[in-house]
Amino acid sequence: MKSWMSFFLPDDEYREKMMLYFFSESAVILLLSLIGMIIYNHYFDISVVNALLISILIFLIYITGRYVVSGIEYTDVTTDKAYRKELKVIAIRVIGFFVILISVYLLLEGSDKWLKLILLTLSASIIWFFASLISLKRSYNKNKDLL
């Protein structure tokens, strides 16, 4: 069955099923956190913007974390050679992201706040690298055990 959600889901049937589980789990956690925020709002003042941002972050961080930890992203990494090759690809992507983001920012904004820019971009790059590394390692171990 196809719906508008199919746009967000992978083509692989197993990965699609797992992603649907992750979305469902995240929705339940989001519902519980919203109920918690309603109760919290009776005792303390919380702005609507903060409540919405916290809710969005809870939803997105849970889905991303579950996807990274599940080990379903790299289905074709079964050998040590494929693992090292994919690790190089991840490193090149992260370095490319870092260089492109800094270049675009400097072209659009100028070099006024370059230290904050480099630290923010470096932080995002490091988080992306470690998330990809964890996912790759989990996928490799999972695929190796299936053989």
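Where does S6 lie? S6 sits in the segment before helix 1. Helices here, like strands, are DSSP runs numbered from the N terminus, helices being H or I with at least four residues and strands E with at least two.

Before going on, a word on the model. This is a predicted model, where local features need pLDDT of at least 70 and side-chain atom pairs count only at pLDDT 80 or more, while totals for chains, interfaces and linings use all residues. Residues are numbered from 1 along each chain as its sequence is written, and side-chain values use heavy atoms, with hydrogens and water left out.

Back to S6. S6 counts as partly exposed because its relative accessibility is 22%. The cut-offs are these: buried means under 20% relative accessible area, exposed means over 50%, and partly exposed is in between, with a 1.4 Å probe and protein chains only. S6 is ten residues from E16 along the chain, and their C-alpha atoms are separated by 8.7 Å.

Now helix 1 and helix 2. Helix 1 covers residues 13-43, and helix 2 covers residues 48-70. In general, two packed helices are described by the angle between their axes and the distance between the axes. For helix 1 and helix 2, the angle is about 150° and the axes are 9 Å apart. The axes are lines fitted to C-alpha atoms, for helices over the stretch in contact, and angles run from 0 to 180 degrees between N-to-C directions. Helix 1 and helix 2 are therefore roughly antiparallel to each other. On that scale, under 35 degrees is roughly parallel, over 145 roughly antiparallel, 65 to 115 roughly perpendicular, and the rest oblique. The crossing of helix 1 and helix 2 is right-handed. That term applies if the near helix is turned clockwise from the far one by less than a right angle, and left-handed applies if anticlockwise.

S26 lies in helix 1 and is buried, at 0% relative accessible area. From S26 to I61 is 35 residues in sequence and 9.0 Å in space, C-alpha to C-alpha. G36 is also placed in helix 1, but G36 is partly exposed at 34%. G36 and V69 are 33 residues apart in sequence, and their C-alpha atoms are 26 Å apart in space.

How many salt bridges does a search of the whole structure find? The search finds two. A salt bridge here is a side-chain nitrogen of Lys or Arg within 4 Å of a carboxyl oxygen of Asp or Glu. In one of them, R66 meets E25 at 3.0 Å, N to O. That pair links distant parts of the chain, with R66 in helix 2 and E25 in helix 1, 41 residues apart. R66 is partly exposed at 30%, and E25 is partly exposed at 28%.

D80 and R84 also meet in a salt bridge, at 3.5 Å, N to O. D80 and R84 are about one helical turn apart because they are four residues apart in helix 3, residues 80-109. D80 is partly exposed at 40%, and R84 is partly exposed at 46%.

Helix 3 also packs with helix 4, residues 114-146: the axes come within 10 Å and cross at roughly 160°. That makes helix 3 roughly antiparallel to helix 4. The crossing of helix 3 and helix 4 is right-handed.

Last, the surface. Which residues form a nonpolar patch? They are V28, L31, L32, I35, I39, Y40, Y43 and F44, with about 880 Å² of accessible area together. Patches are made of residues with over 30% relative accessible area and no salt bridge; like charges are joined within 9 Å, and nonpolar side chains (Val, Leu, Ile, Met, Phe, Trp, Tyr) within 5 Å. Accessible areas come from the Shrake-Rupley method with a 1.4 Å probe, and for residues only the protein chains shown count as cover.
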